[in-house]
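A short briefing on both is set out after it.

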Amino acid sequence: MKYLVIGAGGTGGSIGAYMTEAGKDVTLIARGAHLKKMQEEGLKMETTKKGNYTVHPIRATDMEHYDEQPDVIFVCVKGYSLEETIPFIQRVTKDSTIVIPILNIYGTGGRMQEKLPELLVTDGCIYIAAEIKEPGTIWQNGDIFRIVYGVRKKEELRPELFEVAKDLKESGIDSVLSENIGRDALQKFAYVSPMAACGLYYHVSAAEIQKTGEPRDTFVKLMREVDALAVAMEVPFLVDIVTTNLQILDALNPTASTSMQRDIYAGKPSEIDGLIYEVVRMGKKYGVPTPTYEMVEKKAREDCLQ
């Protein structure tokens with residue numbers, strides 16, 4: 001199948017690199033210096049699992065110059081950039097194209113489906129610690145690389161989705177075609193949202209949360225609040241979310257931080273609304289107390305991180 005990956009940051013760049021290495025038909029959508037570097041020198045990967053290497057050549061272009069019709073689109077942009085992908089997706093897709101959004105923000109697939117009613121838009125999430133180190137270079141600072149995706153309605157399940165899982169696995173990416181993507185996506189959110197909130201509140205990287213102390217205790221409290229939301233939403237987790245997510249956290253490179261933190265520190269737009277403020281709104285909607293999230297939100301707003 002022909003794949004298109006919109007966004008070539010830590011998430012999209014890693015997907016594109018691994019699938020290109022495996023001989024899959026994949027094109028990355030990028031821009032600026034990062035795109036130019038990839039086109040000229042390939043995509044350099046610095047990983048804890050596979051060492052350092054360069055994927056060259058790698059197919060990369062911008063939205064303006066992409067003129068194919070993909071079978072599958074992975075959407076790997078930040079939440080605040082999602083809206084600008086919609087006209088592009090409408091332009092390049094055919095009726096059978098499947099869109100798989102892989103964003104940090106919970107519920108993205110459903111919102112995209114409303115804007116793209118003629119296509120199948122799944123939900124999805126990814127477990128990976130990766131970022132652009134410099135133009136043309138992706139740094140993976142952890143071994144985990146898992147993509148979870150699935151349809152919200154069983155009648156939407158299509159054979160191509162199983163083929164996607166096969167292609168991902170052949171590319172060295174752990175893939176899960178979920179039977180309950182609502183639960184599985186919320187489970188991923190129950191990690192990335194508390195991690196972002198905790199890291200921002202204390203202005204720390206993973207190292208400070210990995211050791212016993214107040215940041216780690218706060219991380220646990222944040223996870224328990226999302227856990228309570230999952231119960232109220234009638235998609236209770238099938239695992240102990242605290243134990244599961246602490247294992248993920250403790251396996252990270254101590255220098256790791258969330259992309260939301262890095263964006264805020266750099267003065268860029270961030271996903272703070274979807275990762276932190278939205279949880280407070282969800283708590284009010286479902287009648288679930290979220291005092292720890294409210295504490296983080298209060299400090300963030302006082303710091304003018306709107």
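The points below concern a predicted model and are grouped by topic.

**Helix packing**

- Helix H6 (residues 181-202) and helix H12 (residues 291-302) have axes that come within 10 Å and cross at roughly 50°, and the two helices are therefore oblique to each other.
- The crossing that H6 makes with H12 is left-handed.
- On the H6 side the contact involves Ser 193, Pro 194, Ala 197, Leu 200 and Tyr 201, which meet Tyr 293, Met 295, Val 296, Lys 299 and Ala 300 of H12.

**Aromatic pairs**

- Six aromatic pairs are found in the structure, and one of them joins Tyr 66 and Phe 88 in an edge-to-face arrangement, with 6.1 Å centre to centre and 65° between the planes.
- Tyr 66 sits in the loop between strand S5 (60-61) and strand S6 (72-75), whereas Phe 88 belongs to helix H3 (residues 85-92), so this pair ties together parts that are 22 residues apart in sequence; both Tyr 66 and Phe 88 are buried.
- The ring centres of Tyr 191 and Phe 219 are 6.2 Å apart and the ring planes stand at 85°, so this pair is edge-to-face.
- Tyr 191 and Phe 219 are both buried.

Technical notes. Residues are numbered from 1 along each chain as its sequence is written. This is a predicted model: local features need pLDDT of at least 70, side-chain atom pairs count only at pLDDT 80 or more; totals for chains, interfaces and linings use all residues. Side-chain values use heavy atoms; hydrogens and water are left out. Axes are lines fitted to C-alpha atoms, for helices over the stretch in contact, and angles run from 0 to 180 degrees between N-to-C directions. Helices (H or I, at least four residues) and strands (E, at least two) are DSSP runs, numbered from the N terminus. Angles under 35 degrees count as roughly parallel, over 145 as roughly antiparallel, 65 to 115 as roughly perpendicular and the rest as oblique. A crossing is left-handed if the near helix is turned anticlockwise from the far one by less than a right angle, and right-handed if clockwise. Contact means heavy atoms within 4.5 Å. Rings of Phe, Tyr and Trp (its six-membered ring) pair if their centres lie within 6.5 Å; planes under 30 degrees apart count as stacked, over 60 as edge-to-face and the rest as tilted. Buried means under 20% relative accessible area, exposed over 50%, partly exposed in between (1.4 Å probe, protein chains only).
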